[in-house]
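The following exercises concern a protein chain. Please work through each task with the structure in view before reading its solution.

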Amino acid sequence: MSERVRCLIIGSGPAGYTATIYASRANLDPVLYEGIQPGGQLTTTTEVENFPGFPEGITGTELMEIMKKQAGRFGANLRNGIVTDVDLNASPKKVIIDGSKEIEADTVIISTGATAKYLGIPDEVKYAGMGVSACATCDGFFYRKKVVAVVGGGDTACEEAIYLSGLASKVYLIVRKPFLRASKVMQDRVADNPKIEVLFESNTLGLFGDNGVEGAHIVKRKGEADEEKFDIAIDGFFLAIGHTPNTAFLKGQIELDEAGYIATAGDRPLTNIEGVFAAGDVADPTYRQAITAAGSGCKAAIEAERYLAEKGL
Ligand code: NDP
């Protein structure tokens, strides 16, 4: 037997919880499935100092706990479970949870987020929250007047290196190729920035330090006759090698862009399917902030409410 809901929200980061707050206060009786990582990416960061309303800062985990509490305050149904299959073109839309439970939904808000890519070296795990970060905007402030490294050669890596150069005393940019993939304008900005030193053809072998990151082991021109191994002294190690939007379960169902993000109508959370809305990082390769995700969750719930009213559902 399938269950019928008016508003199904998939994913429990700032976008999903904010959508739930708005949808439940609008009497849409939302049901939210938390997904693989309840609370989303913020639960993997330490201190959050840029979310308005918390002048002293708040830990990512605490922020998500109180958002969840607020989401549940107006009677929303918050559940554990992972969406394993969808038929978004059916009417109502069909969503399968944990391979067996079927939900029929009049509207669906997808807020499954994105996952930062890591190099896959064990030290990234060892020093998680102790000098390793995948978000310069979130964590850069903790490295004022310190030395940091950014890994990657794309626009994000250049942007983060430039951002960090405004805070740190020195920034290494560790690039595996002999050139930057970033746009020309970003390449020029990096080249003109005296605080940034680019280490081309370089890869990170590991990190070291007793109480957090104190340095990185680097190899240059690995496997070549002139291969060179050296250490750099750093306090922070930032990954900027891309993100993977969590849309694998949507393939063939909804319009995605080339990188796999859900395609939306400009700054509105509308997808190519009526009644299906996207909020947060799953549709945002550009800003990727908790506050922008929360804002788009609000927009998605308002759009869902209007859609249901228009259709008389
Ligand atoms: P990209 O995929 O463009 O770049 C990823 C970078 O990480 C590449 O330099 C890649 O190296 C490197 N990389 C990937 N895996 C590894 C690894 N295992 N070890 C070392 N290096 C690795 O991702 P971005 O996040 O930079 O950008 C995503 C999209 O968003 C792009 O289209 C970009 O243009 C856009 N963007 C635009 C901005 C703007 O206009 N202001 C700002 C930020 C992003 P390699 O080159 O060797 O493959």
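**Exercise 1.** Determine how the chain of this predicted model is divided into domains, and what distance separates the centres of domain 1 and domain 2.

*Solution.* Step 1: the assignment places residues 3-115 + 243-311 in domain 1 and residues 118-239 in domain 2. Step 2: taken over C-alpha atoms, the centres of the two domains lie 32 Å apart. Step 3: to the contact between them, domain 1 contributes six residues and domain 2 contributes eight residues.

**Exercise 2.** State the strand order of the open sheet of five strands, and identify which strands are at its edges.

*Solution.* Step 1: the order is S10-S17-S11-S12-S13, and the pairing is parallel. Step 2: strand S10 (132-133) and strand S13 (196-199) each pair on one side only, which marks them as the edge strands.

**Exercise 3.** Examine the pairing of S12 with S13 and find which strands helix H5 touches.

*Solution.* Step 1: strand S12 (residues 170-174) pairs with S13 in the parallel sense over four bridges. Step 2: Leu173 stands opposite Val198 in S13. Step 3: helix H5 (residues 155-165) packs on the sheet and touches S11, S12, S13 and S17. Step 4: the direction of H5 makes about 170 degrees with that of S12.

Definitions and conventions: Residues numbered from 1 in each chain as written. Predicted model: local features only at pLDDT ≥ 70, side-chain atom pairs only at ≥ 80, totals over all residues. Heavy atoms only, no water. Pairing = 2+ DSSP bridges. Helix = DSSP H or I, 4+ residues; strand = E, 2+ residues; numbered from the N terminus. Contact = heavy atoms within 4.5 Å. Axes fitted to C-alpha atoms, helices over the stretch in contact; angles between N-to-C directions. Domains from an automatic or database assignment.
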